[in-house]
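Please look over the model below.

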Amino acid sequence: MLIGYLTHFKGKKMKEGIHPDYRDVVFHDVSCDFKFISRSTIQTRDKIEFEGKEYPLVKVEVSSESHPFYTGKHKIVDTAGRVEKFRQKFGKVGSKTQAAV
């Protein structure tokens with residue numbers, strides 16, 4: 001059934017002006033300075049030169065390169081000293097997390 005469906009639409013183009021622009025985009029994991037190319041329809045104003053070509057740039061805080069599930073390392077991302085404030089208020093007693101070095 002799928003093969004028949006695909007052969008029916010083979011060679012036909014999508015309607016112009018109704019689909020978002022699906023293109024190569026560079027995603028930059030800012031927490032570990034890791035960059036990779038993927039395809040996306042996300043809109044961005046930033047651009048970057050990557051591997052000799054210019055691409056739209058999307059900055060992300062977590063990717064497979066920095067996520068604890070994939071890396072096996074627990075890392076606390078401290079924004080505006082919230083972790084330190086918590087530790088001062090409640091102390092280190094009962095804390096089971098250690099900050100990655």
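Predicted model: local features only at pLDDT ≥ 70, side-chain atom pairs only at ≥ 80, totals over all residues.

The questions below start with the overall fold and end with single residues.

Q: What share of the residues in the protein is buried?
A: Buried here means under 20% relative accessible area. The protein exposes about 9,000 Å², and carbon and sulfur atoms supply 56% of that area. Of the 101 residues, the buried share is 15%.

Q: What share of the contacts between residues at least 6 apart in sequence joins residues at least 24 apart?
A: A contact puts heavy atoms within 4.5 Å. Take the contacts in the protein between residues at least 6 apart in sequence. The share that joins residues at least 24 apart is 35%.

Q: Which strand runs antiparallel to β1?
A: Strand β1 covers residues 23-29. Seven bridges join β1 to its antiparallel partner. Across this pairing, F27 stands opposite F36, and H28 stands opposite K35. The partner, residues 34-40, is β2.

Q: Which residue in the hairpin of β1 and β2 takes a positive phi?
A: The hairpin has four residues between its strands. The phi in question is near 55 degrees. The residue is D33.

Q: Which strand runs parallel to β1?
A: Four bridges make this pairing. D29 of the pair stands opposite V60. The parallel partner, residues 53-60, is β4.

Q: How many of the residues of β1 are buried?
A: β1 pairs with β2 through seven bridges and with β4 through four bridges. The strand is mostly covered. Of its seven residues, the buried count is six.

Q: Which residues make up the largest nonpolar core?
A: The core has five residues in all. β3 (47-50) and β4 each supply at least two residues of this core. One member, L57, touches V26 and I48, among others.

Q: Is R23 buried or exposed?
A: R23 sits in strand β1. Its relative accessible area is 16%. The cut-off for buried is under 20%. R23 is therefore buried.

Q: What is the count of buried residues in helix α3?
A: Helix α3 spans residues 82-90. The helix is hardly covered. Among its nine residues, the buried count is zero.

Q: Which residue follows α3 with a positive phi?
A: Helix α3 covers residues 82-90. The phi of the residue that follows is near 75 degrees. That residue is G91.

Definitions and conventions
Residues numbered from 1 in each chain as written. Heavy atoms only, no water. Buried < 20%, exposed > 50% of the residue type's maximum accessible area, 1.4 Å probe, protein only. Areas by Shrake-Rupley, 256 points an atom, 1.4 Å probe, with all protein chains shown as cover. Pairing = 2+ DSSP bridges. Core = buried A, V, L, I, M, F, W, Y, C linked by side-chain atoms within 4.5 Å. Lists of a residue's contacts leave out its neighbours within four places in sequence.
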